[in-house]
Amino acid sequence: MSVSPRNAVFLDEMGIGALWKLRQPGPAFEQTEQTEQSDRAEPASVAVGQAAVADRRPASGPRPAPETLSAPLPETLPERLAERPPASRAESLPESAPGMAVGLVAALAPELAADAAATPAPAPGRLAAAVTERMSAPAPVSAPAPAPATPTFTARATTPAPADDDSMAWFDDVPAAPRAPAVPRAQPQPVSDAAIAAMDWPELQAAVSSCTRCPLSLTRRNAVNGRGPERASWFAIIAGPTRQDEADIVPATGEAGQLLDNMLRAIAVKPEADVYVTGLVKCRPATDDGADRAPTADELTACRPYLHRELALAGATMAMTFGQLAARGLMMGPAARGKVMRYGAGNLPVVATYHPDDLLLRPQDKAKAWGDLCLARTAPARD
């Protein structure tokens with residue numbers, strides 16, 4: 001006799017599913033999709049005969065003939081029932097399918113009890129075991145929640161705020177961060193006279209550009225080296241660079257420079273090949289208001305080694321000074337135009353004349369300048 005899934009769950013929950021399975025001749029708890037659908041479709045008030053027929057219906061194959069619906073129960077069950085009085089059998093048979101199963105269990109109670117004594121007790125149903133385990137398990141003891149940490153505050157001595165909130169006097173009271181002492185900028189050491197006397201042209205020009213031998217190095221914009229060929233027989237000497245010379249970094253530039261070159265060409269001296277133009281001082285002397293001024297004696301003395309080295313390197317045999325400041329500065333005293341003067345240990349012939357800027361302002365002096373140029377052209381060389 002097959003048992004529907006719903007009845008099988010009921011027997012399991014009652015703890016007798018395993019015993020009922022042992023009493024069946026065929027496979028117990030047989031479940032098919034057809035039986036499950038039939039149990040869901042039939043109402044609970046189905047007659048006892050129809051329920052019995054539904055339980056005994058095979059899982060597959062054709063429906064049994066009407067005469068087979070009254071087929072006897074398996075041999076084991078009729079034999080058990082035959083041993084009991086008819087009244088007991090009638091009272092134990094309910095009208096519904098679940099009731100009939102309970103009645104059969106009650107009728108077989110003595111035999112089931114005897115078999116249960118010899119058979120180990122089956123495990124309780126899944127639902128009963130879960131409920132029993134849940135009820136018998138001790139209630140979990142939850143750990144007490146930690147008390148919230150109480151913030152701790154450290155008392156600090158505070159200075160009361162000033163009455164006037166807009167006042168910034170408190171800021172002035174804050175000591176300023178100490179500053180690192182300023183490191184003085186290292187100044188290059190002045191070049192000695194002996195070092196200048198041993199220089200070649202590149203070294204001499206570099207020494208002039210970075211010279212610190214006099215205070216003019218602190219106020220100059222640019223140091224101005226001479227211009228011309230390295231081997232020159234004539235020297236054209238001016239007092240010092242003007243504002244324009246300092247800007248161009250070239251001595252005797254502009255209109256004055258062009259006039260100077262033309263004056264030399266007038267006596268057949270080639271400026272680009274025979275004349276080296278330089279100044280007694282290499283930095284522009286200027287007053288506090290920025291005007292040009294005459295170089296001082298100390299400034300002339302500081303720059304004199306550069307002039308001596310230029311004369312030696314060029315191999316000059318004749319020199320002309322242009323302007324009164326250049327003549328007096330070179331001779332370090334009184335100077336006169338219209339005659340040949342001698343300079344230095346080598347008795348270098350020197351002729352003084354007008355500065356080109358003066359001639360541009362007073363063109364009438366060009367005749368006198370022409371006489372000075374002719375004197376220099378015919379002057380004897382070194383003694």
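This is a predicted model: local features need pLDDT of at least 70, side-chain atom pairs count only at pLDDT 80 or more; totals for chains, interfaces and linings use all residues.

Student: How many helices and strands does the protein chain have?

Tutor: Helices (H or I, at least four residues) and strands (E, at least two) are DSSP runs numbered from the N terminus. The protein chain has 20 helices and 5 strands. Buried means under 20% relative accessible area, exposed over 50%, and partly exposed in between, with a 1.4 Å probe and protein chains only. Of the 383 residues in the protein chain, 32% are buried. A contact means heavy atoms within 4.5 Å. Among contacts between residues at least 6 apart in sequence, 68% join residues at least 24 apart.

Student: Which residues of the largest nonpolar core touch the most other members?

Tutor: A nonpolar core is a set of buried Ala, Val, Leu, Ile, Met, Phe, Trp, Tyr and Cys residues joined through side-chain atoms within 4.5 Å. The largest one has 34 residues, and Leu-204, Phe-235, Ile-237, Tyr-306, Leu-307, Leu-311 and Leu-330 touch the most other members. Elements that each supply at least two residues include helix 12 (201–209), strand 1 (234–238) and helix 17 (297–314). Helix 17 gives the most, with 8 residues. Not counting residues up to four places away in sequence, Leu-311 touches Phe-235, Ala-316, Tyr-343 and Leu-348. A second, separate core has 22 residues, among them Ala-236, Val-275, Val-351 and Leu-373.

Student: What lines the largest pocket?

Tutor: On a 1 Å grid over the protein atoms alone, a pocket is an open set of points where a 1.4 Å probe fits, with protein on both sides within 12 Å along at least five of seven lines; lining residues have an atom within 4 Å of a point. Points are joined across faces, edges and corners, and a volume is the space filled by probe spheres set on them. The largest pocket has a volume of about 620 Å³. It is lined by 33 residues, of which Ala-239, Phe-322, Gly-323, Leu-325 and His-355 are the closest to its centre. Helix 18 provides the largest share of the lining, 4 residues.

Student: What does a positive phi look like here?

Tutor: Most residues other than glycine have a negative phi. Ile-249 is not a glycine, yet has a positive phi of about 55 degrees. Ile-249 is in the loop between helix 14 and helix 15, and is partly exposed at 43% relative accessible area. Ala-268, also not a glycine, has a positive phi of about 65 degrees. Ala-268 lies in the loop between helix 15 and helix 16 (271–274), and counts as exposed at 57% relative accessibility.

Student: Is Asp-365 buried or exposed?

Tutor: Asp-365 is buried, with a relative accessible area of 10%. Asp-365 is found in the loop between helix 19 and helix 20 (366–378). Leaving aside neighbours within four places in sequence, Asp-365 is in contact with Tyr-354 and Leu-359. Asp-365 and Tyr-354 are 11 residues apart in sequence and 8.0 Å apart in space, C-alpha to C-alpha.

How values were computed:
Residues are numbered from 1 along each chain as its sequence is written. Side-chain values use heavy atoms; hydrogens and water are left out.
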